[in-house]
Amino acid sequence: MLKVVSFAKKFLQQWRVANHSLPKITANSSRPENDTLKPPTIAETLGVREALSWIKAKFPEVQTIEMDALLVYNALQNDEEDNSYFGILIDECHLFVRELSNLKFSWVQRSAKQLAHTLAKAASSLHVNVEWSYFPPLFISNVLFADLMNE
């Protein structure tokens, strides 16, 4: 589980980079000027791509990735060509999915992803990389317990 915190910190950093660099990228993309794609969508896509890389390297037996980013989820469900930065990131995700034959995506409402949001928020305040394998840190124990009670 500590690897998740490390991943969340990396994800947040990639979001910050995407947030600052996106206008330069979209100016050169094939998307129209009134494009509604926002930096958080790019950050969500970067996070999915990083998660897929991590799953491929360490946990190839994973079968489902849950996400609450509906635009990213929908893009991952089809193979339409999109030459924008977002489309290129989705294509990279598709490459990982082809190598992980049993993997599927599941969309869930944001309210169901409390653990992920708690981890991401905590990761932004940590100053070191932290990993744990068996016992979760106290700051997510209540969220885990609530999730278990709602299953």
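In which helix is His 94 found? His 94 lies in helix α4, where helices (H or I, at least four residues) and strands (E, at least two) are DSSP runs numbered from the N terminus. The structure is a predicted model, in which local features need pLDDT of at least 70 and side-chain atom pairs count only at pLDDT 80 or more, while totals for chains, interfaces and linings use all residues. Residues are numbered from 1 along each chain as its sequence is written, and side-chain values use heavy atoms, with hydrogens and water left out.

The confidence of the prediction is expressed as pLDDT, the predictor's confidence in each residue, from 0 to 100. The chain has a mean pLDDT of 75, and 67% of its residues reach 70 or more. Confidence is lowest in helix α1 (residues 2–27), with a mean of 54, and highest in helix α3 (residues 70–76), with a mean of 93. Over residues 21–35 the pLDDT stays under 50, and the model has twelve contacts beyond four places in sequence for these residues; a contact means heavy atoms within 4.5 Å. Where pLDDT is low, the predicted coordinates should not be read in detail.

The chain contains six helices and two strands, arranged along the sequence in the pattern α-α-β-α-α-β-α-α. Of its 151 residues, 35% count as buried, a class defined by under 20% relative accessible area, with exposed residues over 50% and partly exposed residues in between (1.4 Å probe, protein chains only). The accessible surface comes to about 9800 Å², and 54% of this surface belongs to carbon and sulfur atoms; such areas come from the Shrake-Rupley method with a 1.4 Å probe, and for residues only the protein chains shown count as cover. Among contacts between residues at least 6 apart in sequence, 78% join residues at least 24 apart.

A nonpolar core is a set of buried Ala, Val, Leu, Ile, Met, Phe, Trp, Tyr and Cys residues joined through side-chain atoms within 4.5 Å. The largest such core has 20 residues, and those with the most contacts inside it are Val 48, Leu 52, Ile 65, Met 67, Val 72, Leu 76 and Phe 105. Two or more residues are given to this core by each of α2 (39–58), β1 (64–67), α3 and α4 (85–99). A second, separate core of five residues includes Leu 119, Ile 140, Val 143 and Leu 144. Met 67, leaving aside its neighbours within four places in sequence, is in contact with Val 48, Val 72, Tyr 73, Leu 76, Phe 105, Ser 106, Trp 107 and Val 108.

Helix α2 has 20 residues and spans 28 Å from its first C-alpha to its last, close to the 28 Å expected at 1.5 Å a residue; the expected span is 1.5 Å times one less than the number of residues. Buried residues of α2 include Pro 39, Thr 41, Ile 42, Val 48, Leu 52 and Ile 55. Arg 49 is also placed in α2 and counts as partly exposed because its relative accessibility is 22%. Ser 53, another residue of α2, is likewise partly exposed, at 29% relative accessibility.

Phe 96, found in α4, touches Arg 49, Leu 52, Ser 53 and Lys 56, not counting residues up to four places away in sequence. Ser 53 and Phe 96 are 43 residues apart in sequence and 6.9 Å apart in space, C-alpha to C-alpha. The C-alpha atoms of Arg 49 and Glu 92, also 43 residues apart along the chain, are separated by 7.0 Å. His 94 is buried, because its relative accessible area is 8%. Beyond its neighbours within four places in sequence, His 94 is in contact with Ala 75, Leu 76, Asn 78 and Asp 79.

The structure holds one aromatic pair. The ring centres of Trp 54 and Phe 59 are 5.3 Å apart and the planes stand at 65°, so the pair is edge-to-face. Rings of Phe, Tyr and Trp (its six-membered ring) pair if their centres lie within 6.5 Å, and planes under 30 degrees apart count as stacked, over 60 as edge-to-face and the rest as tilted. Trp 54 counts as partly exposed at 26% relative accessibility, and Phe 59 counts as partly exposed at 30%.
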